[in-house]
Amino acid sequence: MTGVKYYINDIRYCHRCSYVLLKFLLCFYSIIWWLIGGCILAIGIYAEVERQRYKTLEGVFLAPAIILILLGIIMFVVSLIGVLGSLRDNLTLLKVFMYTLAVCLILQLLGGILALVFRNQVSPCQSESIRRGIKNYYDDLDFKNIMDFVQKQFKCCGGQEYTDWAVNMYHNCSAPGPLACGVPYTCCITTKPNEVANTLCGYRVLEKERLDLIDVIHIRGCTDAFFIWLMDNYKYMAVLLLGILLPQFFGVIVSWLYITRVEDAITEYGHYMDGLLDSAERETKSHRRVTKWFKCMPDID
């Protein structure tokens with residue numbers, strides 16, 4: 001009895017948390033993210049199949065479908081590990097799930113901090129990526145739609161500046177046709193809400209001086225416009241960041257508590273059971289019911 005009393009006083013962490021409650025929370029949490037990951041993966045695969053019709057060699061690096069597929073695979077696999085680990089009380093799977101969540105959480109925090117600290121160095125890299133996309137603007141439908149949306153939404157043109165459109169073979173000043181030395185109509189300034197701009201409103205603007213274009217097109221580059229928008233809307237971005245990071249932090253905490261709860265039960269009883277129940281009879285009835293629910297806990301002799 002002395003050894004038992006000593007162990008009870010030595011139980012680690014949250015010893016009053018119910019084994020069943022932690023198991024349910026972790027299982028439910030993992031299943032939800034497993035389903036979300038599966039949906040993202042399915043959407044990414046569908047988008048990639050559709051994108052193959054317009055695929056270019058360089059466009060693959062800018063394809064949102066590829067990002068969706070990678071994100072979906074990571075979420076699906078990691079969440080599946082969490083589901084299996086919580087159902088089977090497998091400490092190895094549970095620890096893999098917890099550590100993977102923790103690493104992803106830390107990497108996202110570090111990435112956000114580094115992007116903020118080195119934003120002046122990040123900007124040229126983004127501009128160069130946009131320039132590569134502009135080069136294949138009419139060949140990569142995904143990038144074209146994204147670029148058109150960004151230029152209209154943030155009232156900007158090109159990557160670093162509007163002259164980036166000169167790298168496109170159709171907008172280069174040496175090209176034949178009406179698009180030569182011009183920019184897409186999504187760069188043009190509109191004065192009325194929902195106004196549809198003339199598709200040739202950017203005609204020959206690359207030949208003119210910057211100050212002459214202030215009332216014609218948006219001369220500010222999209223990279224600078226995006227960072228300015230982030231600074232102006234930092235409160236919304238903070239809420240978005242918390243919405244992304246807090247669920248992951250919750251998953252790490254629940255996984256950690258559940259792992260220690262299972263380890264305590266193993267140390268105390270030699271197998272998985274909720275040692276906090278008041279009597280052996282209540283333990284037996286409760287765990288038989290849980291066994292029926294989860295079909296994963298061993299029978300109690």
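This is a predicted model: local features need pLDDT of at least 70, side-chain atom pairs count only at pLDDT 80 or more; totals for chains, interfaces and linings use all residues.
Residues are numbered from 1 along each chain as its sequence is written, and side-chain values use heavy atoms, with hydrogens and water left out.

Now pick Phe143, Met147, Asp148 and Gln151, which are buried in H6 (under 20% relative accessible area). Look down the axis of H6: these buried residues fall within an arc of 130°, so they line one face of the helix. The arc is taken from the directions from the helix axis to the C-beta atoms.

Just after H6, click lysine 155, with its positive phi of about 50°.

Zoom out to the whole protein chain, and you have 9 helices and 0 strands; these are DSSP runs (helices H or I, at least four residues; strands E, at least two), numbered from the N terminus. Of its 301 residues, 37% are buried.

Last stop: the largest pocket. Select Gly112, Ala115, Leu230, Met237 and Leu241, which lie nearest its centre among 21 lining residues. Helices H4 (91-117), H5 (119-135), H7 (222-232) and H8 (234-269) each give two or more residues to the lining. A pocket here is an open set of points on a 1 Å grid, where a 1.4 Å probe fits, with protein on both sides within 12 Å along at least five of seven lines; lining residues have an atom within 4 Å of a point.

Conventions
Buried means under 20% relative accessible area, exposed over 50%, partly exposed in between (1.4 Å probe, protein chains only).
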